[in-house]
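Here is a friendly note to read beside the structure. Have a look around first, then take the points in turn.

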Amino acid sequence: MIDKSTRRDFLKRSAAVATGAMILPQIIPSTAMGMGGKLPPSDRIVMGAIGVGSQGTGNMRTFLEHVKEVQFAAVCDVDSKHADNAKKLVDETNKNTDCRTYGDYREFLEKEKLDAVCIALPDHWHGLIYTAAANKKLDIYGEKPLARTIYDGRAIVSAAKKNNIVWQTGSWQRSGENFRKAVELVRNGRIGKIIRVEVGLPDGGRGVGTPPVMEVPAELNWEMWLGPAPKVPFRGISHWNWRWILDYSGGQLTDWAGHHIDIAQWGLGMERSGPVEISGKGVYPREGLYNVPVEYDFNCKYANGIELRVANSSQLPKKWGGATWFGEKGWINVDRGRLVASDPKILDEVIGENEFHTYKTPTNHWGNFLDCVKSREETIAPVEIAHRSISVGLLGEIAMTTGQKIQWDPVKEEVIGNTIASRLLTRPYRQPWNLPTI
Amino acid sequence: MKKQYLLILALAGLITILNGCLFGGHYKALVVTGQNNHNWKASSPILKQLLEQTEKFTAEIIKTPEKGGDMNTFSPDFSKYDVVVLDYSGDSWSEKTKSAFVKYVKDGGGVVIFHAADNAFPEWKEYNEMIGLGWGRTEKDGPYLYYNRANNKRDEQKIIDITPGKGGSHGKRHELEVKTRLEEHPIMKGLPVRWLHGRDELYSTLRGPANNMEILATAFADTAQGGTGRNEPILITTNYGKGRVFHTVLGHADQDGGPAMECVGFIVTFQRGAEWAASGKVTQKVPYDFPNAVSVSLRTNFKEITLEDDLTKIPTYDLTKSTKYFVNLQNRIRAEGKSPNKLLEFEKMMIKILENREATVDAKKMLLHEISWMGSSLSIPVVRELAKNQELKESADYAMSRLQPLN
């Protein structure tokens, strides 16, 4: 094992040295010649960013703080203002003006010779761009939720595995101390056998009516922003607010499925599997452009009989957000900034050496990615798990859309005996966009 | 001939009774009005209509004498009814009528207190017990009750405030943000837990004994509208003796009812509340047009929009004007999609619109996207045909890729 990873590591490094030396000598800044505790440039991870709106820029800022390990070379966004702002940030760190900007990810992937890329895009673009970057053998820090559809998600997983890339999902809660502690307590039976789980997510939806068609701002490539989604005129809704429209997102449900459902399944040991039966009900805006569910409430059954209820937290009895596991001996609830249990003593329990322990990260979520890029180990939020986490949210969406009870085979990833629900495992792409076949 | 006729009548009677037994009973309701500082001439007939609409009630209206009239002439036999709806605020009833009403409730009769009826009878102790909280009461009657306001609903708590002062106030009329506080109560079960209520006058700072009382829902009294900045109780139940009381502060009536009464949220909680008061159960389905946290929902003339209405409006569909009728159809499909036959019916109706030359491009685009997942091979010919149309090709391709996948 050690030999293998060392060899892979070596090959990767050799490639980085070669490309650094032959093709991109101009990007090595004079300040980065191995001085001041930094690694020599050839050993630093050369990164780029696709999608540098608020979330993408946030991720990039964190990576830029790892200046000793990382060197940013290029950024890409369909909004040239976003790209320009991100370039400014990179140039300030690199103390030069060399960061290149792109508006088309295909050109970005073609021209840039990178080790890794961080990607933060509206969900409807995830399938195409994650697979394209993986096929370029780039290690990826990719935002959750993994994909807009289960089909897209599986394609991303396959591309990542086929290309042997290191993948880290932006579901950073997995690196959080209280979430890991909750999972360890649950997995080690501190509340007894688990009976059911509740996941409380933020209340969904916004109202906007139908804003008039507007002129597309000069900096925005609207056609490219839409990409594989249906062509519609620009109505002033793009960045950030895409999450209220079903063509691009499933709303708060799918946005947060990548966090709290992820944690819930981790606690159940179901993080690489999924439920077998899903049914539920959504409440939708009665008018206007925004059409994601305002309220959502669905129930999932696992093969072992455990039930998981997912709802916007206002609908849950205790209005709790996060994940709550109910066991035969008590319950544990974990959310951001909160870890509570039916008996506070449960939280003082020490996990023995031979018990189940979650993955330990000596650094933070972003640092874990960089460590793994170097070590070629699996990250704390691998692509398969991200896929399984969002799959639960997407199956809930299908159950609410059809009003039907969905039978699901988590091994084959197929809906059983229901043509209509099966169709909703994909969203048709607008030509000329096509996802490479798995 | 005559015998046959009688037999039919008897059968019809039997069916009605069976119907009652099987589908949640048939109740007799009495709407009491005749005096009010509010527009009772508009509201009372509406309340009667709403009760009868459920097909669970027959309702009568009884009017008291006008203000200053001889109240001894008002002595209905309450015991004949399953629920008494009070749309009344005026002169005190006779002692005889008051004690008959108390007996009726104590013995298990149902009561609905509508909007300004909680202004009535501030001196009548038993009445205050029934309504829980009222307008024009003071510290001698009981505390103020409300929920505080927090960013997270989890942190909002019921506050019991014994500060001396007068009960009852309201800000300007506005659309109200309603939150359910008892999701599992039969009246609230299955309703969205947050919804917008049509423009209404929000009663605030009500106070009273609040015994055996539950707050089912609150609405936020926006300070920007002159409100208290609190979540004020708007749907309340109390138990008095064996009787059940449902108290709604919603429904400040305009000349024709207006948005406060046309609101589906008001209508449905009133109808469910009346059934609960009459029987302790609620058997009514939640209608597909219930409002939610982002959408007010009004019924013009208090009539539910029919599928036919939706199908007439969809062909003229213009995205920028309203998406309402299309969303109605979507909600119907979501609610009834369990049944394959029902889906097929919807599909046939949608095909008709897709074939309709007069129907707008926007309408057809929307329908093509919807039919992509719920359609069958029946839809394929018309989708193929529409793919020849430049403006519709993309949406037709979208539908076809799901209806007839390449593999």
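1. A:Ala49 has A:Val75 of S2(A) as its bridge partner. Strand S1 (residues 45-50) and strand S2 (residues 70-76) of chain A run parallel, joined by six bridges. Strands here are DSSP runs of E with at least two residues, helices are runs of H or I with at least four, and both are numbered from the N terminus.

2. A word on the model: it is predicted, with local features needing pLDDT of at least 70 and side-chain atom pairs pLDDT 80 or more, while totals for chains, interfaces and linings use all residues. Residues are numbered from 1 along each chain as its sequence is written, and chains are lettered from A and ligands numbered from 1 in the order written.

3. In chain A, six strands in the order S3-S2-S1-S4-S5-S6 make an open sheet with parallel pairing (strands pair if DSSP finds at least two bridges between them). Strand S3 (100-102) and strand S6 (167-169) of chain A are the edges, each pairing on one side only. From one strand to the next, the twist averages 20°.

4. Helix H10 (residues 365-375) of chain A lies across S1, S2, S4, S5 and S6 of chain A, at about 170° to S6(A). Angles run from 0 to 180 degrees between N-to-C directions, and axes are lines fitted to C-alpha atoms, for helices over the stretch in contact. Contact means C-beta atoms, placed from the backbone, within 7 Å.

5. Helix H6 (residues 150-162) and helix H11 (residues 383-402) of chain A have axes that come within 10 Å and cross at roughly 175°. H6(A) and H11(A) are therefore roughly antiparallel (over 145 degrees; under 35 is roughly parallel, 65 to 115 roughly perpendicular and the rest oblique).

Terms used: Two residues are in contact if their C-beta atoms, placed from the backbone, lie within 7 Å.
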